[in-house]
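Have the model open and follow along.

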Amino acid sequence: MSLKSNILGALILAGTVSLVGCAGQQGEAALQQAGADFQKVKEDSNVLRIAPKDVIRAGESLARADRLSTYWGSGSDVVHYAYLSQRYSEIAREHTNQVLNEERAAKLELERQRLQLALRESKLLSVQQQGKWLEEQILALATTQTDRGLVMTLGDVLFDTGEAELKNSANRVVLKIVQFLQLNPKRVVRIEGYADSTGGKQENLKLSRDRAQSVADVLMDLGIDDKRILVEGYGDEYPVDANASERGRAQNRRVEIVFSDEKGQLGAAR
Amino acid sequence: MSIRPLFAALAILALAGCAADPAPNEQMRLTAQAVEQARAVGATADEVPEMKLAEDKYNRAKGSMADQSFRNARMRAEQAELDARLAEARVLTLKSEEQLNVLNTRIARLQKQLGAAQ
């Protein structure tokens with residue numbers, strides 16, 4: 001054996017050892033990191049509950065890396081299995097976060113539904129209060145509480161002379177009546193037409209009926225069920241003033257709307 | 001002292017290494033599936049770093065398969081599979097967070113409206 005080859009052999013051996021040492025150090029660091037990550041997920045009760053399989057796989061890979069680290073020259077395998085173990089730990093963590101979020105979302109969804117219901121109720125309440133307000137308005141709007149019930153009078157000015165068509169100026173009051181009936185779905189109405197004593201009896205009867213009918217038509221057009229509307233024409237009967245003066249006759253030409261009570265009970269017809 | 005036994009030992013080790021590694025066809029299939037699944041939930045290499053790792057490693061694994069370097073192919077494919085699974089899990093977690101945010105926003109809006117209504 002020459003001195004030369006001895007030196008060469010020693011160099012090769014030293015190189016190999018240093019390579020192994022390097023890989024060993026790298027493997028050691030990876031192993032420690034993977035071990036720390038595994039420890040963290042293993043101690044988390046949520047992770048154990050939600051992603052037990054991933055935790056087990058992280059543990060298996062770690063054990064494998066650990067075992068390999070005792071073998072000579074297996075540095076890259078140690079790094080590989082430590083990497084896999086770390087990945088499993090991370091996946092377990094992510095799965096857990098996802099499921100926890102979903103569980104939280106389910107709770108929030110219930111809360112959202114509860115709030116939505118509460119909001120709907122409060123809106124309904126405000127509509128009911130609005131209904132009460134409207135009722136007061138209707139009451140104030142030239143209505144009289146008589147023994148026939150709640151009565152609202154549409155005056156002569158809402159019709160052209162001798163015509164049955166309701167004028168546009170009646171729109172506001174008609175809309176109020178519609179709204180009132182929509183908010184009080186059980187109430188029904190009887191629409192009664194009246195005329196003054198000028199002209200023939202038959203003509204007056206027809207005109208009073210036609211006027212009442214035209215009010216009923218508008219209500220139906222605006223969505224009130226025709227079953228809730230009764231129409232009567234009384235001609236020149238039941239005057240509210242003397243027919244002697246023009247003013248008195250104007251008072252007598254009218255359409256009266258009789259509202260039932262809240263249960264739909266109408267006062268008897270005349 | 002001779003270095004010949006050392007060479008012999010190394011050769012045997014190398015041979016043993018080669019012999020222990022058959023073509024990892026099943027692992028390649030699993031990896032392809034995992035990458036595909038991650039892609040299906042919306043993981044992209046641009047947005048999720050793990051997805052880029054998965055795609056790169058999977059491509060390198062395919063290269064190793066072509067070179068008959070099965071040990072490398074298996075290790076790369078195994079890592080790529082878990083990279084892809086992690087990418088998928090990250091995307092799903094992100095989505096669940098977004099859902100939480102949406103719900104929280106809605107609840108805040110409802111509470112505000114309720115406060116205004118009362």
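In this predicted model, 30 residues of chain A are in contact with 27 residues of chain B (contact: C-beta atoms, placed from the backbone, within 7 Å). On chain A's side, α1 (3-42) and α4 (75-140) each supply at least two of the touching residues; helices here are DSSP runs (H or I, at least four residues), numbered from the N terminus. α4(A) gives the most, with 26 residues. By type, chain A's touching side splits into eleven nonpolar, ten polar and nine charged residues. Nonpolar means Ala, Val, Leu, Ile, Met, Phe, Trp, Tyr, Cys and Pro, charged means Asp, Glu, Lys and Arg, and the others, Gly among them, are polar.

The expected span is 1.5 Å times one less than the number of residues. Buried means 20 or more other C-beta atoms within 10 Å of a residue's own, exposed 12 or fewer, with C-beta atoms placed from the backbone.

| Helix | Residues | End-to-end C-alpha span | Expected span |
|---|---|---|---|
| α3(A) | 17 residues (52-68) | 24 Å | 24 Å |

In α3(A), D54(A), V55(A), A58(A), S61(A), L62(A) and A65(A) are buried. They fall within an arc of 130 degrees seen down the axis, so they line one face of α3(A); the arc is taken over directions from the helix axis to the C-beta atoms. P52(A) and K53(A), on the other side of α3(A), are exposed.

In α5(A), the buried residues are I177(A), F180(A) and L181(A). Their arc is only 95 degrees, which puts them on the same side of α5(A). Exposed R172(A) and L175(A) sit on the face turned away from that buried side.

Residues are numbered from 1 along each chain as its sequence is written, and chains are lettered from A and ligands numbered from 1 in the order in which they are written. Because the model is predicted, local features need pLDDT of at least 70 and side-chain atom pairs count only at pLDDT 80 or more, while totals for chains, interfaces and linings use all residues.

Definitions and conventions: Two residues are in contact if their C-beta atoms, placed from the backbone, lie within 7 Å.
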